[in-house]
Amino acid sequence: MTRKLIFTVDLDRDVNFPMEGSVAAGSIDRGEGTSPRFSSADRGLDVLLDVLDDVGMKATFFVEGRTSEVLDLSRISGHCIGFHGYDHEDLTGASTGVVFDDDGLKGILRRGFDAVSDNVSKPVCFRAPYMSCDDRVLRAVSELGIMHDSSVYSTVGAQPYPVSFGITEHPVPKGKDVNGKTIAAYLWPMHEGKRQPEDYIRMASEVEDGDHMIATHTWHMVERREGGPLDDREISLNASRVHDVLSGILDLGFRPETLVR
Ligand SMILES: [Zn+2]
């Protein structure tokens, strides 16, 4: 029995959201409009890399193309690198109403893939922004040579499985906590002050064998969706909670692993 902990990190524009009628995602308005911001993603990355160093594990980063052009991401070489669109597009158009034809879709994915290749390293996996993915997206991604996707939720303990076009799907776990409330691998509610590290450690303890995933965003290390930027004391508390989740799961006997070995 080998249990493996895979920590995935979406490295994208700060507090992003889909805007109706717009291809590119915005950042939540903090008084200066919805143009994309990258400062929390940048600072949060440093905070997160310190935590990873401390815990002694590598992460799998899903890097947005434009973010890789704006920020110096030489810091994450040596980690597992995936990509995450170019401008954090909703690739199926479900939330924006912007639906791409095949060439448009391929163009976006090629641009994101090339940006991350040029600025970090050649991606080996993919996660669709907003987890908005379908067979057309998977086909376009496979044509770039990507064989690993992580854009689907499944139950806790579910293992990677083959999908279309020779791609292996690595599902993001989602289950129930002791109170019957939905809990997903994303640490989002913990960053927002609504969950504790124990909730995620308990979730991992249900996995008897194979992979388990934990996920977050770098911007969420230093900024809340509700409430805005954190002060230094809050940032260090937030970092220590992420540390507790990862070290708590490793202490259960999980081995640190990346999405693509
Ligand atoms: Zn994202």
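Visitor: Why is Tyr130 called buried?

Guide: A residue counts as buried if 20 or more other C-beta atoms, placed from the backbone, lie within 10 Å of its own, as exposed if 12 or fewer do, and as partly exposed in between. Tyr130 has 20 other C-beta atoms within 10 Å, so Tyr130 is buried. This is a predicted model, in which local features need pLDDT of at least 70 and side-chain atom pairs count only at pLDDT 80 or more, while totals for chains, interfaces and linings use all residues. Residues are numbered from 1 along each chain as its sequence is written.

Visitor: Where is Tyr130, and what is its phi?

Guide: Tyr130 sits in the loop between strand S6 (125-126) and helix H4 (135-142); helices (H or I, at least four residues) and strands (E, at least two) are DSSP runs, numbered from the N terminus. Its phi is positive, about 60°, although Tyr130 is not a glycine. Most residues other than glycine have a negative phi.

Visitor: How do you know whether His88 is buried or exposed?

Guide: We count again: His88 has 26 other C-beta atoms within 10 Å, so it is buried. His88 lies in the loop between strand S5 (80-83) and helix H3 (102-119), and has a positive phi of about 55° without being a glycine.

Visitor: What makes Glu89 count as buried?

Guide: Glu89 has 29 C-beta neighbours inside 10 Å, and therefore counts as buried. Glu89 is found in the loop between S5 and H3.

Visitor: Which residues is Glu89 in contact with, leaving aside its neighbours within four places in sequence?

Guide: Contact means that the C-beta atoms of two residues, placed from the backbone, lie within 7 Å. For Glu89, the partners beyond four places in sequence are Val23, Ala24, Ile108 and Pro129.

Visitor: How do you know that the span of H3 agrees with what it should be?

Guide: The expected span of a helix is 1.5 Å times one less than its number of residues. H3 has 18 residues, so it should span 26 Å; its end C-alpha atoms are 26 Å apart, which agrees.

Visitor: What makes a set of residues a nonpolar core?

Guide: Its members are buried Ala, Val, Leu, Ile, Met, Phe, Trp, Tyr and Cys residues joined through C-beta atoms within 7 Å. The largest one here has 64 residues, and Phe7, Phe61, Val63, Val137, Leu187 and Ile214 touch the most other members. H3 supplies the largest share of this core, six residues.

Visitor: How do you know that S8 and S11 pair?

Guide: Two strands pair if DSSP finds at least two bridges between them. S8 and strand S11 (residues 172-176) have three bridges, in the parallel sense, with Tyr153 opposite Val172 in S11. S11 and S12 also have three bridges, in the antiparallel sense, and Gly175 stands opposite Ile183 in S12.

Visitor: Which are the edge strands of this sheet?

Guide: The order of this open sheet is S8-S11-S12, with mixed pairing. Its edge strands are strand S8 (153-155) and strand S12 (182-184), each of which pairs on one side only.
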